[in-house]
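This report describes pockets and aromatic contacts in one protein model. Please look over the sequence and the structure below before reading on.

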Amino acid sequence: MIPLVLVGAAGRMGHAIEQAVGASTGFAIKARVDRGAPGSGGPGWCADAAQVLAAGDVAVDFSAPAVTAALAALCAGRGAALVSGTTGLDAKEEEAVRAAAQKVPVVRAANFSLGIAALRRALEAALGALPSAWDIEIVERHHRGKADSPSGTALLLAARAASSRGADESALRFGRGRGRTGPRPEGEIGVHALRGGTWVGDHLALIAGPGEWLELRHVAQDRSAFAFGALAAARFVSRARPGFYGLDDVLAGGES
Ligand code: NAD
């Protein structure tokens, strides 16, 4: 059994992981870590991963950026593997995760769904087949409680689109504001975030040319879409050598 320490266990994704573990074999939830949510004082719950994390555990993190950075260092110190899906990390926090990956295996993905992995590839294939003058817009929708904007997945799709065009992140335009914004500059990649209700995650890549356009869209209908991918990643890191991995490595299934 692979011992899991769920970090952010009382949250939306924490619940989804818990359900996915119940529907899978080979995993045991060793501890649930969260700060003071109802039920988090019960057996098996604690407020700090430092109280429980040990060598051979797999920490599964869907929490908050500051938690992720500290957790990565803790995993490296204790010899525990890390699967992290928390989004909205700043450069320093991302660096803390990469530093940990020198000592322990880490899978980090802004989106653990199989469908988004396929959308990423479809987007690159579509861009490769179309003239570079076609316009790219990424539009995402999420529930009203989402803490970061745009989504990590939208940023990832936009970054992939930019690199397919030989551009960098300076090509990204976040929203278009109000007023005389002028004609759309060639090469710009628009990124737009909608928030409301209970949308779990909806990403649209729109590629528009003269007289026609193409839309590639992924809708996550419930969080099991991410939870099963995160468990596949947990299985992968439990056997992997130290290193920084993405969902593509997990899907390729190769022992590292
Ligand atoms: P949520 O707010 O429902 O849950 C986060 C949990 O983390 C909460 O229970 C909160 O109490 C806990 N937490 C926050 N700070 C803490 C601290 N200092 N110590 C202990 N616990 C702490 O959020 P969610 O919808 O479950 O999403 C969590 C994160 O995962 C977000 O960054 C979200 O964008 C990301 N996410 C990633 C994927 C993916 O596939 N990679 C999918 C969905 C969500």
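How much space lies in the second largest pocket? The volume of the second largest pocket is about 620 Å³, in a model that is predicted.

A total of 25 residues line the second largest pocket, and those nearest its centre are Glu94, Arg108, Ala110, Gly152 and Leu156. Helix H3 (91-100), H5 and helix H7 (247-252) are the elements that each give two or more residues to this lining. H5 has the largest share, with five residues. By class, the lining of the second largest pocket has nine nonpolar, seven polar and nine charged residues.

The largest pocket holds about 1,000 Å³ of space. Its lining is made up of 43 residues, and Met13, Phe62, Ser63, Ala64 and Thr86 are the closest to the pocket centre. At least two lining residues come from each of helix H1 (12-22), H2, helix H5 (152-164) and strand E10 (201-209). With five residues, H2 gives the most to the lining of the largest pocket. That lining divides into 20 nonpolar, 16 polar and seven charged residues.

The next topic is the aromatic rings. Two aromatic pairs are present in the structure, and their values are listed here.

| Pair | Centre to centre | Angle between planes | Type |
|---|---|---|---|
| Phe62 and Phe112 | 5.9 Å | 65 degrees | edge-to-face |
| Phe236 and Tyr245 | 5.0 Å | 80 degrees | edge-to-face |

What does the pair of Phe62 and Phe112 tie together? Phe62 is in the loop between strand E4 (58-61) and helix H2 (65-78), while Phe112 is in the loop between strand E6 (105-108) and helix H4 (114-129), so the pair ties together parts that are 50 residues apart in sequence. Is Phe62 buried or exposed? Phe62 has a relative accessible area of 15% and counts as buried because this value is under the 20% cut-off. Phe112 is buried too, at 1%. Phe62 is also among the residues closest to the centre of the largest pocket.

In the other pair, the planes of Phe236 and Tyr245 are at 80 degrees, which is over 60 degrees, so the pair is edge-to-face. Phe236 and Tyr245 are both buried.

Charged side chains also sit over rings. Arg98 lies over the face of Phe244, 3.9 Å from the ring centre. Over the ring of Trp199 sits the charged end of Arg141, at 5.0 Å from the centre of that ring.

Key. Residues numbered from 1 in each chain as written. Predicted model: local features only at pLDDT ≥ 70, side-chain atom pairs only at ≥ 80, totals over all residues. Heavy atoms only, no water. Phe/Tyr/Trp six-rings, centres within 6.5 Å; stacked < 30°, edge-to-face > 60°. Helix = DSSP H or I, 4+ residues; strand = E, 2+ residues; numbered from the N terminus. Buried < 20%, exposed > 50% of the residue type's maximum accessible area, 1.4 Å probe, protein only. Lys NZ or Arg CZ within 6 Å of the ring centre and 35° of its normal. 1 Å grid on protein atoms, 1.4 Å probe; cavity = no way out; pocket = protein on both sides within 12 Å on 5 of 7 lines; lining within 4 Å. Points joined across faces, edges and corners; volume = space filled by probe spheres on them. Nonpolar A, V, L, I, M, F, W, Y, C, P; charged D, E, K, R; others polar.
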